[in-house]
Amino acid sequence: MSVGKVVKVAVAGATGYAGGEILRLLLGHPCYQAGELEIGALTGASNAGQSVGELMPHLPELAQRTIQPTTIEVLEGHDVVFLGLPHGHSAAIGAALPDSVTVIDCAADFRLRSAMAWQHYYGTDHAGAWPYGLPELPGHRAAVAQSNRIAVPGCFPTGATLAAWPALQAGVVEPDLTVVAVTGVSGAGKKAKVDMLGAETMGSLKAYSVAGAHRHTPEIKQNLEEVAAGEVTVSFSPVLAPLPRGILTTVTAPLVEGVSAQDVRAAYEQAYADEQFVHLLPAGQQPQTQHVVGSNMCHLQVEVDEAARKVVAISAIDNLTKGTGGAAVQCMNLALGLDEGAGLPRAAVAP
């Protein structure tokens with residue numbers, strides 16, 4: 001595998017959880033190991049001037065590097081720029097960087113195609129939409145491979161979309177979905193918040209932003225309506241759990257009359273037969289977040305509740321890998337014409 005030149009990569013927001021995960025994966029990328037990928041500027045805001053060793057001691061290879069301010073002057077001149085910034089900060093940077101730079105945004109700024117949905121959930125002007133970086137969703141792999149502007153999906157939409165789209169595309173469920181996703185606390189980012197303190201989260205579960213209030217609701221709906229025959233209703237409830245990493249998502253939908261459990265299973269087997277990062281588990285085995293920690297995998301199970309006439313699909317992902325940083329590197333690989341799985345672990349950390 002070769003890109004034919006040294007690719008220079010910058011990470012904006014490098015000291016956040018998403019930025020740190022991208023760096024961890026880049027350090028293990030075969031192109032980095034071969035000297036064909038160079039990690040360039042690492043930028044931040046309040047942490048500018050501090051060393052990587054102070055802020056992210058789990059990355060000893062970069063310990064002597066200094067965090068620079070996030071400016072166009074610092075970022076331009078790179079071949080790839082990852083944006084791990086808070087929502088609302090990516091649009092201006094994406095517009096200012098030249099087309100010669102591949103920009104991969106881990107925030108929400110360019111995920112939603114509907115300006116109305118964006119304004120409702122985020123309250124600012126809509127910056128537009130970039131190709132959506134979930135290669136496993138039909139049609140998206142080719143779009144990402146042909147683009148130099150890519151929007152990385154949200155972590156909740158990744159787990160929910162991978163769990164639900166095969167059933168909707170195959171027409172084995174009614175388009176009325178209930179989604180419950182249990183997430184670790186790293187999904188809230190590094191910013192200090194009282195409700196994220198250990199004393200507030202340990203030994204407790206808490207639902208939040210329910211009844212359609214969560215910002216990922218329109219993103220899930222947008223994804224699933226691409227493969228469904230019409231409008232999809234999504235009721236999404238996130239639940240905070242005392243875990244560092246991981247999302248376990250349960251999607252429930254009414255079974256279409258006349259469809260069997262075998263039909264449902266066949267739809268998922270066909271959808272994911274060639275996908276290296278989706279593992280459809282054997283019947284009777286349930287996904288667990290501990291089995292995907294540090295990997296770019298989605299573990300998935302689908303079953304039919306015959307008594308209730310419901311399909312139940314359950315996915316497990318690491319919210320920082322397949323849910324963010326791993327997805328970003330997967331998109332970079334596609335955009336640069338590399339092996340899609342380069343640098344992305346399928347094996348998790350256990351125990």
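**Reading a helix pair and the cores**

Modeller: Helix α8 (residues 155–170) and helix α11 (residues 261–272) have axes that come within 9 Å and cross at roughly 115°. The model is predicted, with local features needing pLDDT of at least 70 and side-chain atom pairs counting only at pLDDT 80 or more, while totals for chains, interfaces and linings use all residues. Residues are numbered from 1 along each chain as its sequence is written, and side-chain values use heavy atoms, with hydrogens and water left out.

Colleague: How are α8 and α11 oriented to each other?

Modeller: Two packed helices are described by the angle between their axes and the distance between the axes. Here α8 and α11 are roughly perpendicular (65 to 115 degrees). Axes are lines fitted to C-alpha atoms, for helices over the stretch in contact, and angles run from 0 to 180 degrees between N-to-C directions.

Colleague: Which residues of α8 and α11 meet?

Modeller: Contact means heavy atoms within 4.5 Å. From α8, Trp 165 and Ala 167 are among those that meet α11, whose partners include Tyr 268 and Tyr 272. By class, this contact has eleven nonpolar, one polar and no charged residues.

Colleague: Which residues touch the most other members of the largest nonpolar core?

Modeller: A nonpolar core is a set of buried (under 20% relative accessible area, 1.4 Å probe, protein chains only) Ala, Val, Leu, Ile, Met, Phe, Trp, Tyr and Cys residues joined through side-chain atoms within 4.5 Å. Of the 44 residues in the largest core, those touching the most other members include Trp 165, Val 264 and Tyr 268. Helix α8 gives the largest share, nine residues.

Terms used:
Helices (H or I, at least four residues) and strands (E, at least two) are DSSP runs, numbered from the N terminus. Angles under 35 degrees count as roughly parallel, over 145 as roughly antiparallel, 65 to 115 as roughly perpendicular and the rest as oblique. Ala, Val, Leu, Ile, Met, Phe, Trp, Tyr, Cys and Pro count as nonpolar, Asp, Glu, Lys and Arg as charged, and the others, Gly among them, as polar. Buried means under 20% relative accessible area, exposed over 50%, partly exposed in between (1.4 Å probe, protein chains only).
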